[in-house]
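Have a look at the sequence and the model first, then read on.

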Amino acid sequence: MRSTAATTTGTDSASGGGVPVPSGQSAVARALAALLPDGAVVVAATEDVAGDLRPGEGESLARAVPSRVAEFATGRSCAHHALDLLGLSTATIGRGGRGEPLWPGGVVGSITHCEGLRAAAVARADDVAGLGIDAEPHLPLPEDVLDLTLTPPERRRLVELHRAVPDVAWGRVVFSLKEAVYKLWYPLRHEWLGFEEVDTVVNPDGTFTVALPRPLGVGDERVMTVHGRWAVTGGFVLTAAALDCAKQPRL
Ligand SMILES: CC(C)(COP(=O)(O)OP(=O)(O)OC[C@H]1O[C@@H](n2cnc3c(N)ncnc32)[C@H](O)[C@@H]1OP(=O)(O)O)[C@@H](O)C(=O)NCCC(=O)NCCS
C-alpha cells in the first residue's frame with residue numbers, strides 16, 4: 001500500500017505509498033504524502049472550514065479566540081476526512097491532557113497547522129507504529145528560537161548545510177522536524193521530550209534521523225532512532241517522522 005492525499009472544498013488529501021491518489025489534490029498535500037510511509041493518508045486544507053466540530057470536540061475551546069477555533073475545527077475536519085479515506089471513520093477525535101489528538105483504536109495520526117495550511121495524517125497502527133507531521137512557513141528561524149531549540153552540534157551542522165544549500169531555511173527545517181518527532185513521541189510514551197534531549201541529523205536529500213534519549217516500543221522492539229523526511233514546497237517547510245512497522249531495524 002502507498003500513502004495518499006485527498007481533497008474536499010478548500011481541502012486536499014494524498015496518501016504515501018499504494019492507495020490511489022484522488023484527483024484535485026494540492027501540491028502541498030502531494031508533497032506531504034510523499035514524506036510519509038506506505039499506508040498513511042494525508043488531508044490538507046489551505047482555507048478554514050466553517051463550524052464543523054463534532055460533539056465532544058470543542059471542550060478545550062471555551063475561551064479560544066476565533067482564529068484558534070477555526071484552525072482547530074479545520075484540523076479536525078482534515079483528520080475526519082483522512083479517517084474516512086482509511087475506512088476508519090469515528091464520531092469524535094478528542095484531545096488528551098497534553099494536547100494530543102485521541103485517535104480511535106488501531107489508528108496513529110498527527111495534526112499540524114500554520115498560516116495558510118492545516119493538515120492531518122493518519123494510518124493503521126498495523127502499518128505505521130507512530131506518526132508526527134509539522135508545517136512551518138519557509139522563513140528563517142529567529143536567532144533566539146534557534147538558541148532555545150537547537151543543540152550546539154545541531155547549530156554546527158547548520159553551518160555546513162547552509163554552505164552546501166544556501167536557499168533552504170535549515171534552522172526552520174530542524175525546528176519543524178523536532179516538533180514532528182515530539183508529536184510522534186508523546187502518544188507513545190506520554191512524557192515530555194525536550195528540544196535539547198535529541199540529536200538530529202538532516203540531509204540535503206530530504207531525509208533526517210533523530211537519536212532519542214529513551215526508547216520507543218514498536219511491537220517487541222525498542223527503537224532509539226526515528227527516521228523522517230522533509231521538503232520545502234509552496235512557501236512551507238513540511239516534515240514527517242514515522243515509525244514504519246515494516247522497516248524498523250533490530251537494535
Ligand atoms: C505540541 C507542539 C509540538 C505543537 O507544535 P506547533 O508547531 O506549536 O503547532 P502545530 O500546529 O504544528 O501542531 C498543533 C497540533 O499538535 C498536536 N499536538 C499537541 N500536543 C500534542 C502532543 N502532546 N502529542 C501529539 N500531538 C500533539 C495537536 O493536534 C495540535 O493541534 P490541535 O490542538 O488543533 O489538535 C508544540 O507546541 C510543543 O509543545 N513543542 C514542545 C515540545 C517539542 O516540540 N519538543 C521537541 C522534542 S525533539
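Two strands count as paired if DSSP finds at least two bridges between them. Helices (H or I, at least four residues) and strands (E, at least two) are DSSP runs, numbered from the N terminus. What you're looking at is a predicted model, where local features need pLDDT of at least 70 and side-chain atom pairs count only at pLDDT 80 or more, while totals for chains, interfaces and linings use all residues. Residue numbers start from 1 along each chain as its sequence is written.

**The chain overall**
- The secondary structure comes to five helices and 12 strands.
- Buried residues make up 45% of the chain's 251 residues. A residue is buried if 20 or more other C-beta atoms lie within 10 Å of its own, exposed if 12 or fewer, and partly exposed in between, with C-beta atoms placed from the backbone.
- Take the contacts between residues at least 6 apart in sequence: 58% of them join residues at least 24 apart. Contact here means that the C-beta atoms, placed from the backbone, lie within 7 Å.

- Strand 3 (residues 40-45) has six of its six residues buried, so it is largely enclosed by the rest of the structure.
- In a regular strand the side chains alternate between the two faces of the sheet.
- In strand 3, Ala40, Val42 and Ala44 point one way, Val41, Val43 and Ala45 point the other way, and all are buried.
- Strand 3 pairs with strand 7 (residues 117-124) in the antiparallel sense, over five bridges.
- Within that pairing, valine 43 has alanine 120 of strand 7 as its bridge partner.

- Five strands form an open sheet in the order 8-12-11-10-9, with antiparallel pairing.
- Strand 8 (128-137) and strand 9 (199-202) are the edge strands, each pairing on one side only.
- From one strand to the next, the twist averages 25 degrees. The axes behind such angles are lines fitted to C-alpha atoms (for helices, over the stretch in contact), and angles run from 0 to 180 degrees between N-to-C directions.
- Strand 8 and strand 12 (residues 236-244) share nine bridges in the antiparallel sense, and proline 137 stands opposite phenylalanine 236 in strand 12.

- Helix 2 (residues 66-86) has 15 of its 21 residues buried, so it is largely enclosed by the rest of the structure.
- At 1.5 Å a residue, helix 2 should span 30 Å, and its end C-alpha atoms are 30 Å apart, which agrees. The expected span is 1.5 Å times one less than the number of residues.
- Just after helix 2, glycine 87 takes a positive phi of about 80 degrees.
- Helix 4 (residues 152-164) is hardly covered, with one buried residue among its 13.

**Around the ligand**
- Of the 21 residues around the ligand, Gly99, Glu100, Ile111, Tyr182 and Tyr186 come nearest. A residue is near if its C-beta atom, placed from the backbone, lies within 6 Å.
- Helix 2, strand 6 (107-114) and helix 5 (170-189) are the elements that give two or more residues to this shell.
- Helix 5 supplies the largest share, seven residues.
- The shell divides into 10 nonpolar, four polar and seven charged residues. Ala, Val, Leu, Ile, Met, Phe, Trp, Tyr, Cys and Pro count as nonpolar, Asp, Glu, Lys and Arg as charged, and the others, Gly among them, as polar.

Notes. Two residues are in contact if their C-beta atoms, placed from the backbone, lie within 7 Å.
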